[in-house]
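Dear colleague,

My notes on what was found in it follow directly after.

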Amino acid sequence: MKLSVGLKVANSLSLTPQLQQAIRLLQLSSLELEQEIQLQLESNPLLEQIDDENSISTLSNSNNTDIHELDQSLNADHLPEELPVDTHWDEVYIHQSTALEIPEFQEQEDNNHKSLSLKQHLLEQINLLHFSQIDQLIAYCLVDSLDQRGFLEAEIEEITASVQNLLAEMGHEEEVEDDEVYVVLKHIQRLDPLGAGSRNLAECLRIQLEALSSVPVIQDALILLEHYHLLIANDLGKLLKQTGLNTERLKSAINMLKTLKAYPGIEFEDESSNYQIPDVIVSKKDQIWHVQLNTDILPKLRINSFYAGMIRRADQSTDNNYLKDQLYEAKNFIKSIDERHKTLLKVASCIVEHQRTFFEIGAEGMKPLILREVAEEVQLHESTVSRVTSNKYMLTPRGLFELKYFFSSHVGTTSGGEASSTAIRAMIKKLVSNENPRKPLSDNSITNLLKEEGIDVARRTVAKYRESLNIPSSSDRKVLI
């Protein structure tokens with residue numbers, strides 16, 4: 001075999017740093033993009049953010065006017081008693097308006113405070129009780145063992161062992177029995193909220209009923225809780241037989257139980273919502289759907305003219321080369337941001353064009369759509385469409401949706417067409433909401449009704465969609481009274 005040296009011309013695709021940056025920016029959410037821009041502004045002196053220059057120009061014009069008036073006063077034949085000044089006290093200490101240009105109102109104290117958790121709320125009440133040190137330690141261990149619902153996760157024996165170990169570590173020789181823990185638990189269950197520290201739902205409901213005034217309906221509800229397993233199974237026939245209640249009393253007792261709190265800790269959950277900022281806004285004007293980017297979150301970047309003017313073409317010094325590199329990175333970053341927004345707008349416009357029926361009539365009008373269809377239409381790679389639709393949100397007249405929401409699988413129709421799985425879920429939800437509670441629709445009945453609408457779907461598929469909507473089965477939805 002003879003060895004030789006030769007040249008060969010070939011095309012290859014390499015991920016340059018600029019391309020890697022563009023791909024990474026494409027999949028960032030609006031919040032992550034804002035953080036990335038802030039990081040670039042702090043590290044690159046050639047990159048700056050455009051601020052509102054209206055206030056600056058206004059201030060400059062007012063200063064020029066004041067200087068002109070001052071010159072006229074100084075050139076006059078006589079000096080006035082009070083000379084004009086360039087600033088006033090109120091101009092220095094002035095209330096700064098917000099970005100929304102809210103009128104200047106009197107500043108108010110921020111009264112927002114973080115609400116207490118369930119455990120903190122209970123501990124505040126426990127500290128007011130006349131507990132001994134051991135009982136207080138038991139109470140702390142009990143509260144520490146509560147879950148988010150407010151139920152006691154640990155067994156009484158486990159709490160006793162924990163308290164005993166803590167006492168041993170502190171050098172105390174007292175013995176703690178299960179009865180002592182149970183007595184403290186009873187005290188905690190009567191604190192606010194009622195039922196905190198219960199071992200199960202039945203005990204929680206029973207504690208709340210016992211705190212109410214003794215009336216016949218309360219007694220009937222307590223009898224129902226003795227047959228808790230039949231109540232959960234919705235076996236009303238056996239409930240009528242074993243409780244000895246008639247239909248009216250059973251109905252009143254069930255309605256009474258519905259007024260109670262199933263989970264005492266639910267009201268202490270953190271209700272702070274993570275509000276999503278829309279990247280795209282869709283609106284309808286003159287019967288035409290318009291798609292535009294959210295201008296409130298669009299970054300306004302530019303090259304710093306001062307530092308850019310310091311760059312000398314023929315200078316090869318370290319400082320000059322540093323400025324050249326930073327200028328090159330700043331231009332590439334601004335270009336990548338611009339390409340990101342153009343791609344996002346192009347993909348969002350394509351989605352709106354395909355899902356016009358959804359915007360007109362709702363989820364039932366959703367059309368089947370996959371990433372490949374959008375990628376072929378906008379002439380992008382499928383992975384690029386996947387990146388640009390991740391963690392991006394669209395604000396529409398029907399609410400805020402993630403771009404991924406508009407993509408769904410399809411099911412065949414009797415006419416040979418296709419129906420979106422999202423639209424089928426919406427139809428199932430509508431059928432269940434309009435059913436007769438005494439004769440709820442079974443999965444087979446829903447399948448037949450969908451076939452009448454031209455949607456050929458199997459019963460097991462209907463069951464899967466129903467479960468994804470958290471809709472119970474027909475036997476669980478049935479109401480006899």
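Phe-406 touches Ile-351, Gln-355, Phe-358, Phe-359, Met-366, Leu-369, Met-394 and Phe-401, leaving aside residues up to four places away in sequence; contact means heavy atoms within 4.5 Å. This is a predicted model, in which local features need pLDDT of at least 70 and side-chain atom pairs count only at pLDDT 80 or more, while totals for chains, interfaces and linings use all residues. Residues are numbered from 1 along each chain as its sequence is written, and side-chain values use heavy atoms, with hydrogens and water left out.

Phe-406 also belongs to the largest nonpolar core, which has 27 residues. Such a core is a set of buried Ala, Val, Leu, Ile, Met, Phe, Trp, Tyr and Cys residues joined through side-chain atoms within 4.5 Å, where buried means under 20% relative accessible area (1.4 Å probe, protein chains only). Phe-359, Val-374, Val-385, Met-394 and Phe-406 touch the most other members. The largest share of this core, 6 residues, is supplied by α15. A second, separate core of 24 residues includes Ile-126, Leu-146, Ile-159 and Val-163.

Ile-159 and Val-163 also lie in helix α7, where they are among the residues that meet α6. Helices here are DSSP runs (H or I, at least four residues), numbered from the N terminus. The axes of α6 (residues 133-144) and α7 (residues 156-169) come within 10 Å and cross at roughly 125 degrees. The contact of α6 with α7 has 9 nonpolar, no polar and no charged residues.

Yours sincerely

Terms used. Axes fitted to C-alpha atoms, helices over the stretch in contact; angles between N-to-C directions. Helix = DSSP H or I, 4+ residues; strand = E, 2+ residues; numbered from the N terminus. Nonpolar A, V, L, I, M, F, W, Y, C, P; charged D, E, K, R; others polar. Buried < 20%, exposed > 50% of the residue type's maximum accessible area, 1.4 Å probe, protein only.
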